[in-house]
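Visitor: I am new to this structure and would like to learn how to read it. Please take me through some features one by one.

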Amino acid sequence: MTDSPKPFHIVFLLFDGITQLDFTGPAQVLCRIPGAVVHTAARDIKPIQTDSGFAILPSTSFANCPQADLLCVPGGFGIRDVIQDEATLQFLRDQAAGAKYITSVCTGSLALGAAGLLEGKRATSHWAYTGLLEKFGATHEKARVVQDGNVITAGGVTSGIDFALTVVAEIAGRPMAESIQLSLEYDPHPPFNSGHPDVARPETLTLMRERVYDKQASDLADIIDRQ
């Protein structure tokens with residue numbers, strides 16, 4: 001008879017305005033680590049509104065959250081409130097102090113930075129916000145997944161799946177990571193080659209910057225500079 005695997009506690013920060021795939025993509029992968037116990041933490045246990053029109057109910061408040069083995073901060077437009085909320089930043093600091101892995105997806109890295117957890121680290125974020133990392137003493141590295149010690153940051157949204165598989169390989173071995181990838185049929189062949197500024201059509205990139213990202217990045221820069 002084999003012993004049950006030791007619990008591996010995974011804590012995701014939830015907040016209003018979260019990009020749900022930043023959270024649900026990695027969660028779908030990481031929950032399959034042997035012994036994984038997933039916790040979704042918010043200041044209060046009340047529905048958290050996602051960017052996709054539905055809400056998620058956290059499993060725990062900050063006050064009652066177990067110590068994470070892996071702490072993950074997803075991103076989303078709500079990150080502007082996160083980086084201004086001292087209670088949330090202190091929660092991240094407290095959890096990071098005992099975590100084996102401190103991680104983020106997309107603009108979640110800005111919350112790690114605001115909590116003082118990226119100083120001197122190589123890191124990444126969503127492509128539209130990578131220029132903000134230096135404000136936290138971090139150095140941007142152009143990659144979908146960047147690991148510097150126990151700090152692992154992922155690029156925008158879908159990069160979170162790559163990040164999660166990277167973590168699984170480190171924790172449970174490559175065969176486990178490959179089996180999870182196969183079980184999820186994660187074999188992306190997108191219909192368009194437009195998933196990164198390096199390959200998107202210039203007019204598409206300009207449109208997205210003008211309609212969404214330039215203003216958002218500017219607003220975030222102002223918030224960070226005021227702190």
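Guide: Start with a term: a residue is buried when its relative accessible area is under 20%, exposed when it is over 50%, and partly exposed in between. Keep in mind that this is a predicted model. Val-212, in helix 7 (residues 202-226), has 24% relative accessibility, so Val-212 counts as partly exposed.

Visitor: How far apart in space are Val-212 and Ala-128?

Guide: Their C-alpha atoms are 9.6 Å apart, although 84 residues separate the two in sequence. Compare another pair: Glu-86 and Ala-164 are 78 residues apart along the chain, and their C-alpha atoms are separated by 28 Å.

Visitor: Where is Glu-86 found, and is Glu-86 buried or partly exposed?

Guide: Glu-86 is found in helix 3. Its relative accessibility is 46%, so Glu-86 counts as partly exposed.

Visitor: What span does helix 3 have from its first C-alpha to its last?

Guide: Helix 3 covers residues 86-98, which is 13 residues, and it reaches 19 Å. That is close to the 18 Å expected at 1.5 Å a residue.

Visitor: Which residues of helix 3 are buried?

Guide: The general idea comes from the helix itself: an α-helix has 3.6 residues a turn, so residues three or four places apart point the same way. In helix 3 the buried residues are Thr-88, Leu-89, Phe-91, Leu-92, Gln-95 and Ala-96. They cover an arc of only 155° around the axis, which puts them on the same side of helix 3.

Visitor: What covers the buried residues of helix 3?

Guide: The cover includes strand 1 (8-13), strand 2 (36-42) and strand 6 (70-73). It also includes helix 2 (79-82), strand 7 (101-105) and helix 4 (108-114).

Visitor: Which residues have the most contacts inside the largest nonpolar core?

Guide: In soluble globular proteins, nonpolar side chains tend to be buried together. Here the largest nonpolar core has 67 residues, and those with the most contacts inside it are Leu-30, Leu-92 and Phe-163. Leu-92 is also one of the buried residues of helix 3. Leaving aside residues up to four places away in sequence, Leu-92 touches Leu-13, Leu-71, Val-73, Ala-111, Ala-115 and Leu-117.

Visitor: What does the side chain of Ser-104 reach?

Guide: It reaches the backbone nitrogen of Ser-109, at 3.4 Å. Ser-104 lies in strand 7 and is buried, with a relative accessible area of 0%. Beyond residues up to four places away in sequence, Ser-104 touches several others, among them Cys-72, Val-73, Leu-112 and Ile-152.

Visitor: How many salt bridges does the count come to?

Guide: Side chains of opposite charge can pair when their charged atoms come close. In this model the count comes to twelve salt bridges. One of them joins the side chains of Glu-86 and Arg-93, at 2.7 Å from N to O. Arg-93 is partly exposed, with a relative accessible area of 25%.

Visitor: Which residue forms a salt bridge with Asp-148?

Guide: Arg-122 does, with the closest N and O atoms 3.8 Å apart. The pair links distant parts of the chain, 26 residues apart: Asp-148 is in strand 10 (residues 145-148) and Arg-122 in strand 8 (residues 122-123). Asp-148 counts as buried at 17% relative accessibility, whereas Arg-122 is partly exposed at 31%.

Visitor: Which residues are linked in a network of salt bridges?

Guide: Arg-80, Lys-215 and Asp-219 are linked in this way. Asp-214 is partly exposed at 39% relative accessible area, and Arg-209 is partly exposed at 29%.

Visitor: What phi values do Cys-106 and Val-157 have?

Guide: Most residues other than glycine have a negative phi, and most peptide bonds are trans. Cys-106 has a positive phi near 60°. Cys-106 is placed in the loop between strand 7 and helix 4 and counts as buried, at 5% relative accessibility. Val-157 also has a positive phi, of about 40°. Val-157 lies in the loop between strand 11 (151-154) and helix 5 (159-172), and is partly exposed with a relative accessible area of 24%.

Terms used:
Residues numbered from 1 in each chain as written. Predicted model: local features only at pLDDT ≥ 70, side-chain atom pairs only at ≥ 80, totals over all residues. Heavy atoms only, no water. Helix = DSSP H or I, 4+ residues; strand = E, 2+ residues; numbered from the N terminus. Expected span 1.5 Å × (residues − 1). Buried < 20%, exposed > 50% of the residue type's maximum accessible area, 1.4 Å probe, protein only. Arc of directions from axis to C-beta. Contact = heavy atoms within 4.5 Å. Polar contact = N/O pair within 3.5 Å; in protein donor to acceptor, adjacent residues only side chain to side chain. Salt bridge = Lys/Arg side-chain N within 4 Å of Asp/Glu carboxyl O. Core = buried A, V, L, I, M, F, W, Y, C linked by side-chain atoms within 4.5 Å.
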